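Let's take a friendly walk through this structure together.

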Amino acid sequence: MKYFQPEIETMPLDQLRALQSERLVKQVRHVYDHVPCYRQRMDEMGLKPEDIRGIEDLHKLPFLSKADLREQYPDGLLAVPKSECVRIHSTSGTTGKRVVAFYTQHDVDLWDNCCARAIVAAGGSCDDVVQVCYGYGLFTGGLGLHGGSHRVGALTLPMSSGNTDRQIQFMMDLGATFLCCTPSYAAYLGESLKERGYAPSDNHLKAGIFGAEPWTEEMRRDIEKNLGIKAYDIYGLTELSGPGVAFECAEQHGMHINEDHFIAEIIDPDTGEVLPEGTKGELVFTSLTKEAFPLLRYRTRDICVLSREKCSCGRTFIRMAKPMGRSDDMLIIRGVNVFPSQIETVLIKLGYPPNYEIEVDRINNSDTLDVRVEFPPEQFDDSLGNIAKKEKELASAMRDMLGIGPKIHLVPPKTIARSEGKAVRVIDKRKLI
Ligand code: DLL
């Protein structure tokens, strides 16, 4: 078995708990002293940093949600002076405001280590050529795996997403042995290679590290067959650093959570009650080592199960199952997080009624997003030129808001079915869970 940091990854449980406790106490103090809104919340609850003496006191701390992050946009949760930060990344908020996460150099270094652990757990080493085709930029996928690959000492191909012809050319010419991208793009690359007449044995790939969106075991088998590789899952979220919060080992029986950096809890999404290990519920994380953007008891909204069962790989870190859905309405489309409320915000801003329907599908391994929108009654004009112009305007405004472009279908007023109860706005035809 190979580990990137064996002394940590296989640490006996009592030592790991002691390490987590020590780090939690320090982190709570750091947050209380440097983040006014945390201090205010804890004061309101009559909670002092010294009340948190170890992980057994974690449950006393308040939860933090995406709505709290939006309220504190852009830097209300920053726990160090901005001059100590070296980078930001960002992900969608529920409406117009995005979530902005800050990193010090120390935060980037620890994040790189987490991603290096994932690459080594999948069999990677300095002899590998790692093709990173997650998006580079505000999205954490590209720079996260890039940092991990550098840390391992592998030759890193910083491809970013898209341009499939160039991806294939570099994969073949430079002998990429590892592929890092979303599972849907991996499936698409597999099909594209086949279309160009390549057999799975023609490439040098041996493994892939795929995440950022839900994917099934069937999809894993398809990707493995079409690319001739072993496909590993990786999980993470921008708010906590990015990819590498958890990763699969060769056992591929859940993802090990990097517990020296994150404490995981499962709660009942309705009541907030902490649930025992093995029970399905919402995943909550506390970051123990982040300096710039440390989140305590952050509600991910991902529905999941944890298991402390011994893993034959030797790692002692707890494992999380593949996320089984969300406790909110976030969709992940082509790896991009999309909230229906973002679509609604654009419609209202541009003077459309909030009567719309979102249809998501997966065609040839690529997600499609169609939005049906009603014309405002006073503007209804069925000349084709007018419809096309307005559809284009809306598509462009939505692309700006969401980061991906939907296909807009403007329909006459009152043609979208009204619901008598909760409006059903989303039809997701992909069967991902
Ligand atoms: O998706 C970070 C990432 C990049 C993870 C590359 C893995 C690989 P966000 O854009 O903030 O960050 O989205 C986070 O994506 O709460 C989950 O709902 C979902 N997600 C991430 N990884 C997985 C996975 C990145 N392996 C949100 N399986 C999370 C299922 C995943 N869902």
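In this predicted model, 17 residues of domain 1 touch 13 residues of domain 2. Domain 1 covers residues 1–324 of the chain, and domain 2 covers 331–428. Taken over C-alpha atoms, the centres of the two domains are 31 Å apart. Between them, about 1,200 Å² of area is buried, and carbon and sulfur atoms give 49% of that. On the domain 1 side, Ser 92, Thr 94 and Thr 95 lose the most area to domain 2; together they make up 30% of what that side buries.

Now let's turn to the ligand. There are 23 residues around it, and those that come nearest are Asp 233, Ile 234, Thr 238, Asp 302 and Asn 337. Sorted by class, this shell holds 11 nonpolar, 7 polar and 5 charged residues. Which strand gives the largest share of the shell? That is strand 7, with 5 residues. Strand 7 spans 230–237, and helix 6, spanning 140–152, also supplies at least two residues of the shell.

| Residue | Part of the residue | Ligand atom | Distance |
|---|---|---|---|
| Glu 213 | polar backbone atom | nitrogen | 3.3 Å |
| Asp 233 | N or O atom in the side chain | nitrogen | 2.8 Å |
| Arg 326 | polar side-chain atom | oxygen | 3.3 Å |

How much of the ligand does the protein cover? On its own, the ligand has 610 Å² of accessible area, and the protein covers 97% of that.

Conventions
Residues are numbered from 1 along each chain as its sequence is written. This is a predicted model: local features need pLDDT of at least 70, side-chain atom pairs count only at pLDDT 80 or more; totals for chains, interfaces and linings use all residues. Side-chain values use heavy atoms; hydrogens and water are left out. A residue is near a molecule or strand if one of its heavy atoms lies within 4 Å of it. A polar contact is a pair of N or O atoms within 3.5 Å; within protein, one must be able to donate a hydrogen and the other to accept it, and residues adjacent in sequence count only if both atoms are side-chain atoms. Accessible areas come from the Shrake-Rupley method with a 1.4 Å probe; for residues, only the protein chains shown count as cover. Helices (H or I, at least four residues) and strands (E, at least two) are DSSP runs, numbered from the N terminus. Ala, Val, Leu, Ile, Met, Phe, Trp, Tyr, Cys and Pro count as nonpolar, Asp, Glu, Lys and Arg as charged, and the others, Gly among them, as polar. Domain bounds come from an automatic or database domain assignment. Contact means heavy atoms within 4.5 Å. Buried area is the accessible area (1.4 Å probe) that two parts lose on being put together, summed over both.
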